[in-house]
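Here are some quick notes from going through the model.

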Amino acid sequence: MKKITLVLILGLLLVSGVKVNAVVAGKDLKEEAKTIKTEVKEKMKENRQEKLGRLAGNLINKLVKSLNNIEGLLVQVKDRLAKMEAAGKDITIAKAKVPAAESAITAAKIAIENLTNDLPSVITASSTPKALRDASKTAIGKASQEVKKAHQAVVEVIRSVKPGKVKSVTATSTATSTD
């Protein structure tokens, strides 16, 4: 049974990449198995943290790209609003929604910056895989929600400019005369 356990542990070590020195004769096999097991667990924890760090970095990059696209869209909408105002359209409702969209974008930028700063400490502080997954999921979820709110604010500005909602300022009223 001891030989089978040792063979299984050595097999795990080969799979995980941990290097093992030859078992010295006279050492207790149980102690050797415990040390090997702790080394394997430590290596697996490091691999898990490294993988999550890469995944979180990719996700942060996606959030930044999304936020940049949303910000570019708001710039285009502002340009369109300026052209519509020059053409004599009433865009007061849309102009009133632009500051809210800008503040939502700023809040999303702050959330992403906080995520970038806090995520390494979240990853290293977690001891179990479940705690690591839950902590990183909540941290990333907060930033993701802020980006969604920024997108929704820009969508509201765009909806207020859609045809049919914007009326011309130079519209004249027809007066009827009774002669």
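1. A term before we start: I call it a salt bridge when a side-chain nitrogen of Lys or Arg sits within 4 Å of a carboxyl oxygen of Asp or Glu. Two caveats as well. This is a predicted model, so local features need pLDDT of at least 70 and side-chain atom pairs count only at pLDDT 80 or more, while totals for chains, interfaces and linings use all residues. Residues are numbered from 1 along each chain as its sequence is written, and side-chain values use heavy atoms, with hydrogens and water left out.

2. Just after H2, Gly-88 has a positive phi of about 90°.

3. Now the charges. Side chains of opposite charge can pair when their charged atoms come close. How many salt bridges does a search of the whole structure find? The search gives eight.

4. One of them joins Glu-71 and Lys-109, at 2.8 Å from N to O. This pair links distant parts of the chain, with Glu-71 in helix H2 and Lys-109 in helix H3 (residues 92-125), 38 residues apart. Glu-71 is partly exposed at 27% relative accessibility (buried means under 20% relative accessible area, exposed over 50%, partly exposed in between, with a 1.4 Å probe and protein chains only). Lys-109 is partly exposed too, at 39%.

5. Glu-85 and Lys-95 also form a salt bridge, at 3.0 Å from N to O. Glu-85 lies in helix H2 and Lys-95 in helix H3, so this pair ties together parts that are ten residues apart in sequence. Both count as partly exposed, Glu-85 at 42% and Lys-95 at 41%.

6. Within helix H4, Lys-149 and Glu-146 are three residues apart, about one turn of the helix. Their side chains meet in a salt bridge at 3.7 Å, N to O. Salt bridges that share partners also join Lys-97, Glu-156 and Arg-159 into one network.

7. Last, is Ser-136 buried or exposed? Ser-136, which is in helix H4 (residues 129-161), is buried, with a relative accessible area of 5%. Leaving aside neighbours within four places in sequence, Ser-136 is in contact (heavy atoms within 4.5 Å) with Leu-52, Leu-119 and Val-122.

Methods
Helix = DSSP H or I, 4+ residues; strand = E, 2+ residues; numbered from the N terminus.
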